[in-house]
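Trainee: I'd like to learn how to read a fold from the model itself. Can we go through it feature by feature?

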Amino acid sequence: MWSDRPATRGQAAGRPKALRLGFSLQPGMRVGLYGGSFNPAHAGHAHVAETALTRLRLDQVIWLVSPQNPLKPSDGMAGAAERMASADRWARGPSMRVSDLERRLGSAYTIDTLRRLRARFPAVRFVWIMGADGLASFHLWKGWADILREVPMAVVARPGMTLRALSSPAARRFTSARRRSSAAATLPGASPPAWVFLVAPLHFESSTALRKAASV
């Protein structure tokens with residue numbers, strides 16, 4: 001059963017400005033946060049990141065490589081260094097950055113990561129980025145409704161996932177907060193909850209298919 005009850009706040013170690021994040025951001029920047037296991041990263045991930053970068057007119061997209069997604073089994077999960085290297089191969093160009101931020105923070109949940117980033121960079125305009133497959137199961141995430149209330153969110157279409165994504169509990173719960181895709185460039189400056197569904201030429205590569213092919 002899904003719930004949108006507020007998430008309890010994770011304990012933050014030290015003062016926000018003392019965090020060693022591995023990068024710095026300037027006030028007023030429009031920054032997309034693209035989280036995932038990237039096990040491995042592939043062209044489909046790059047498609048999502050590049051679509052958001054262009055359509056939202058972001059200054060930067062930060063790929064947040066999760067140490068271990070709580071919703072995914074650890075069996076078959078490559079090491080963090082291998083997945084970081086995989087993401088590095090696809091996060092191309094000066095506007096893309098790969099980060100082990102969640103490892104540095106000791107954060108297992110997106111909501112805790114977002115709250116600490118916003119505390120550290122209050123004048124940065126963050127947007128959470130995900131593929132449509134992520135929105136379909138978003139209601140299983142800890143504090144999923146709080147995430148939507150914390151930062152705007154951009155969802156990029158993925159093959160075969162549009163109907164499931166747009167009929168998901170999260171999409172239905174926040175249907176009134178959905179913005180037209182034609183207004184995507186205004187999303188980074190929007191007050192949450194606000195989200196947009198971006199349709200772009202679909203890319204069919206997936207991490208699961210790549211892992212299966214590698215095991216044959």
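Trainee: Let me start with a single side chain. Which residues does Met153 touch, not counting residues up to four places away in sequence?

Mentor: Keep in mind that this is a predicted model. Met153 touches Val127, Trp128, Met130, Leu135, Phe138, Leu148, Leu187, Ala194, Trp195 and Val196, with residues up to four places away in sequence not counted.

Trainee: And which residues have the most contacts inside the largest nonpolar core?

Mentor: Met153 is one of them, along with Leu25, Leu33, Phe126, Leu135, Phe138 and Trp195, in a core of 38 residues. Helix α6 (residues 144-150) gives the largest share of this core, four residues. There's also a second, separate core of 28 residues, which includes Leu58, Ala91, Ala194 and Val196.

Trainee: On to the sheet. In what order do the strands lie?

Mentor: The general idea comes first: strands of a sheet pair through backbone hydrogen bonds, either parallel or antiparallel. Here seven strands make an open sheet with parallel pairing, and the order is β3-β2-β1-β4-β5-β7-β6. At the edges sit β3 and β6, each of which pairs on one side only.

Trainee: How many bridges join β1 to β4?

Mentor: Five, and the two strands run parallel. On to β4 and β5: they pair in the parallel sense over four bridges, and Met130 has Val155 in β5 as its bridge partner.

Trainee: Is β4 mostly covered or mostly open?

Mentor: Mostly covered: six of its seven residues are buried. Helix α4 (residues 110-120) lies across β1, β2 and β4, at about 160 degrees to β4.

Trainee: Which strands does helix α1 touch?

Mentor: Helix α1 (residues 43-55) packs on the sheet and touches β1 (30-36), β2, β3, β4 (125-131), β5 (153-156) and β7 (195-198). Its direction makes about 150 degrees with that of β2.

Trainee: How do I read the faces of a helix? Say, which residues of α2 are buried?

Mentor: List the buried residues, then look down the axis. In helix α2 (residues 80-90), the buried ones are Arg83, Met84, Ser86 and Ala87. They fall within an arc of 160 degrees seen down the axis of α2, so they line one face of the helix. On the other side, Ala81, Glu82 and Arg89 are exposed. The cover over the buried residues of α2 includes β2 (60-65) and β3 (96-99).

Trainee: Last one, the whole chain. How many helices and strands does it have?

Mentor: Nine helices and seven strands. Of the 216 residues, 50% are buried. Among contacts with a separation of 6 or more, 80% are between residues 24 or more positions apart. The accessible surface comes to about 10,900 Å², and carbon and sulfur atoms hold 51% of that.

How values were computed
Residues numbered from 1 in each chain as written. Predicted model: local features only at pLDDT ≥ 70, side-chain atom pairs only at ≥ 80, totals over all residues. Heavy atoms only, no water. Buried < 20%, exposed > 50% of the residue type's maximum accessible area, 1.4 Å probe, protein only. Arc of directions from axis to C-beta. Contact = heavy atoms within 4.5 Å. Pairing = 2+ DSSP bridges. Axes fitted to C-alpha atoms, helices over the stretch in contact; angles between N-to-C directions. Areas by Shrake-Rupley, 256 points an atom, 1.4 Å probe, with all protein chains shown as cover. Core = buried A, V, L, I, M, F, W, Y, C linked by side-chain atoms within 4.5 Å.
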